[in-house]
Amino acid sequence: RRSGQYTMNHDHSKKIPDGASFDRSGSQDSLDELSMDDYWKELENIHETRGNNHEERVALVVKEPDEGELEEEWLKEAGLSNLFGESSGDSLESVVFLSTLTRTQKAAVEKRIETVTQTMRRKNKQHQIPDVRDIFRLQNDSKGKVCDGSEPSTVRTSENKNETHDGTKGNAKLLSSLFYFLGTEEQKSLLEDMPSSDTDINLEISFAEQAANLKDSSVGKMYKGGGGDTLLPNFRLPKDKTGTTKIGDLAPQDMKKVYSLALIELTALYDILGTEFKQQKAVKIKTKDSGLFGVPLSLLLEQDQKKVPGTKIPLIFQKLIAQIEETTLETEGLLRIPGVATRVKGLCQELEAKFYEGTFNWENVKQHDAASLLKLFIRELPQPLLTVEYLKAFQDVQNLPTRKQQLQALNLLVILLPEANRDTLKVLLEFLQRVIDHRDKNKMTLKNVAMVMAPNLFTFHGFGSKTIEQSEFVMAAGTANVMRFMIQYQKLLWTIPKFIVNQVRKQNTESQKKEKKDKAMKKLLKKMAYDREKHEKQEKTPNDTDVPQGVIRVQAPHLSKVSMAIQLTEELKAGDIVARFLSQKSGNVQTLEKEEVFLYEIGGNIGERCLDDDTYMKDLYQLNPNAEWVIKPKQS
């Protein structure tokens with residue numbers, strides 16, 4: 001039934017002479033009708049494969065959430081479930097978190113709380129239901145005026161710009177904590193001075209705030225989305241003196257905060273741009289609990305880690321990529337030309353039986369068959385590699401107005417992926433880039449590879465293909481465009497935006513203040529003597545006599561020189577400190593190479609952060625003066 005529709009499109013594309021898509025310049029990456037030919041061919045191959053294995057297919061069932069359920073789930077994911085329901089009495093503990101949000105982030109939270117509140121009232125749920133205005137008013141009352149004494153401003157999203165509440169000005173008075181260390185006037189100035197270059201990605205200011213500012217100023221001169229552009233912009237990250245933070249650089253407790261903030265930020269961005277953000281939910285289905293193909297990613301890694309402790313990528317996935325690369329990446333039509341279907345099916349069954357035993361003969365596997373097995377592995381996952389929750393959001397990236405906003409949304413989506421999915425996606429994208437690097441020989445340009453891989457990641461059995469039927473060509477070109485973006489900008493996508501890291505720092509600082517206040521209160525209750533309490537407080541303040549001003553103490557327990565006082569200068573970088581320690585050789589300690597150890601910022605307003613070599617230490621010290629500095633190997 002569906003395949004007829006695909007064949008119809010495929011026949012239409014056959015009017016193009018064979019090989020036409022290869023006659024074009026490798027840099028001309030427009031997604032026009034010519035290059036769509038690869039997409040329809042790949043889709044036809046997928047349907048043939050699925051037809052052969054029809055009896056084994058279990059379609060994924062996606063549950064349509066009830067009214068308010070979506071927003072309730074969203075608030076739980078964002079770590080704000082204590083704003084409603086049985087635990088709503090504890091909503092004060094969310095004040096710290098809410099106080100660090102930007103105006104647009106607050107508007108996104110407020111909108112979801114309002115929906116949940118109305119739904120609960122309609123359903124007469126016997127819970128204490130806070131008024132959303134009270135939640136935000138509570139913060140304003142506790143904070144009073146913002147830094148410069150002016151009233152906090154509100155942001156209107158495309159959906160709520162006409163809404164008002166009785167007795168309030170606009171929505172609630174929202175706090176304007178746009179950027180952690182800056183006052184309101186400085187924030188406005190930062191927004192006005194956003195990089196003029198269309199290709200600079202500003203990570204210091206919330207993406208949704210940038211979008212709101214762009215809307216208000218009606219500048220709109222950035223790269224537009226759509227398939228007509230011939231070249232992808234050469235986006236770059238301007239150098240940040242306090243260091244670039246990559247996924248994997250932060251401690252788990254801080255990454256949890258990053259996840260919540262990324263979810264709220266993505267929602268705020270979609271709200272501002274008028275794109276609906278809906279997390280899908282899969283109904284639990286029975287899946288295989290062992291084997292290689294069709295096994296949940298987390299389960300597969302669990303069984304692989306028994307064989308290779310600490311592995312983060314499925315062993316079969318790693319082996320298939322290695323097998324493809326072993327021959328040569330210069331083979332013409334690599335990834336595009338399918339393996340022989342019957343042979344691929346046979347190899348699949350043989351791998352299931354012999355892979356873990358180590359008796360499978362890889363010499364029998366032809367390169368095109370290995371490529372087909374790699375794509376089959378991705379398609380056979382019980383849930384999409386991009387997850388049920390976020391697959392639609394990945395697809396909807398194509399609807400955002402500008403190239404830059406599409407990239408910003410993808411950056412946040414990558415952060416939101418579970419670790420196993422994100423790590424596997426990273427290895428896949430790096431491999432695809434290596435294939436593209438040989439495009440002069442293999443004729444697989446960025447455009448061709450995106451066309452071939454998009455159906456494997458986006459037309460997921462159960463709901464991906466249904467979406468495609470609604471607007472087949474538009475969805476096909478759109479998902480191929482998103483695939484192209486993920487490959488082209490993969491190095492940018494694994495960066496945690498600085499504004500989010502700063503919000504984490506702010507949360508940690510505020511939590512520490514709250515803990516100190518609580519401790520002080522306990523001391524008062526125990527009627528501890530005033531002079532003793534004062535003495536203890538003095539003990540807790542940093543002792544300036546230990547380390548002179550402008551000097552930091554760096555510990556290196558794994559190296560021969562275990563500690564050193566380092567004088568901070570304007571030009572001193574993290575890499576210089578590591579090099580200084582490594583130059584102090586000693587025969588009785590294991591020698592570590594520069595690539596194996598990193599300088600870490602620990603404590604103060606961050607849990608733990610691995611620093612890139614280009615971090616300017618004086619700038620970072622000013623951002624986090626209470627941190628400790630340790631050189632150690634990176635955790636695998």
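This briefing walks through the main features of the structure above, topic by topic. The model is predicted, so local features are described where pLDDT is at least 70, side-chain atom pairs count at pLDDT 80 or more, and totals for chains, interfaces and linings use all residues. Residues are numbered from 1 along each chain as its sequence is written, and side-chain values use heavy atoms, with hydrogens and water left out.

**Overall make-up**

- The protein chain holds 25 helices and nine strands; these are DSSP runs numbered from the N terminus, with helices being H or I of at least four residues and strands being E of at least two.
- Of the 636 residues in the protein chain, 52% are buried. Here buried means under 20% relative accessible area, exposed means over 50%, and partly exposed lies in between, using a 1.4 Å probe and protein chains only.
- Among contacts (heavy atoms within 4.5 Å) in the protein chain between residues at least 6 apart in sequence, 77% join residues at least 24 apart.

**A helix on the inside**

- Helix α13 has 14 residues and spans 20 Å from its first C-alpha to its last, close to the 20 Å expected at 1.5 Å a residue. The expected span is 1.5 Å times one less than the number of residues.
- Because 13 of its 14 residues are buried, α13 is largely enclosed by the rest of the structure.

**Two loop residues with positive phi**

- Leu-335 is not a glycine, yet its phi is positive, near 80 degrees. You will find Leu-335 in the loop between α11 (315–327) and α12 (341–354), and with 1% relative accessibility Leu-335 counts as buried.
- Thr-387, also not a glycine, has a positive phi of about 70 degrees. Thr-387 sits in the loop between α13 (367–380) and α14 (388–396) and is buried, with a relative accessible area of 4%.

**Salt bridges**

- Side chains of opposite charge can pair when their charged atoms come close.
- A salt bridge here is a side-chain nitrogen of Lys or Arg within 4 Å of a carboxyl oxygen of Asp or Glu, and the count by this rule is 26.
- Arg-103 and Glu-209 form one of them, with their closest N and O atoms 2.4 Å apart. This pair links distant parts of the chain, 106 residues apart: Arg-103 belongs to helix α5 (residues 103–123) and Glu-209 to helix α8 (residues 207–217). Arg-103 is buried at 16% relative accessibility, and Glu-209 is buried at 0%.
- Lys-312 and Glu-419 meet in a salt bridge at 3.3 Å, N to O. Lys-312 lies in the loop between α10 (297–307) and α11, and Glu-419 in helix α16 (residues 419–436), so the pair ties together parts that are 107 residues apart in sequence. Lys-312 is partly exposed, with a relative accessible area of 36%, and Glu-419 is partly exposed at 45%.
- Lys-392 and Asp-396 meet in a salt bridge at 2.8 Å, N to O. Both residues lie in helix α14, four residues apart, which is about one turn of the helix. Lys-392 is partly exposed at 28% relative accessible area, whereas Asp-396 is buried at 9%.

**The largest pocket**

- A pocket is an open set of points, on a 1 Å grid over the protein atoms alone, with protein on both sides within 12 Å along at least five of seven lines; a cavity is a set of points where a 1.4 Å probe fits but cannot get out; lining residues have an atom within 4 Å of a point.
- The largest pocket has a volume of about 1400 Å³. A volume is the space filled by probe spheres set on the grid points, which are joined across faces, edges and corners.
- Its lining consists of 46 residues, and Pro-418, Glu-419, Ala-420, Arg-422 and Asp-423 lie nearest the centre. The elements giving two or more residues to this lining are α9 (252–272), α10, α14, α15 and α16, and α16 gives the most, with eight residues.
- By class, the pocket lining has 24 nonpolar, eight polar and 14 charged residues. Ala, Val, Leu, Ile, Met, Phe, Trp, Tyr, Cys and Pro count as nonpolar, Asp, Glu, Lys and Arg as charged, and the others, Gly among them, as polar.

**Enclosed cavities**

- The structure holds three cavities of 30 Å³ or more, and the largest cavity has a volume of about 60 Å³.
- Ile-201, Leu-203, Leu-237, Leu-407, Gln-408, Asn-411, Leu-492 and Thr-495 line the largest cavity. Helix α15 (residues 403–416) supplies the largest share of this lining, three residues.
- The lining of the largest cavity divides into five nonpolar, three polar and no charged residues.
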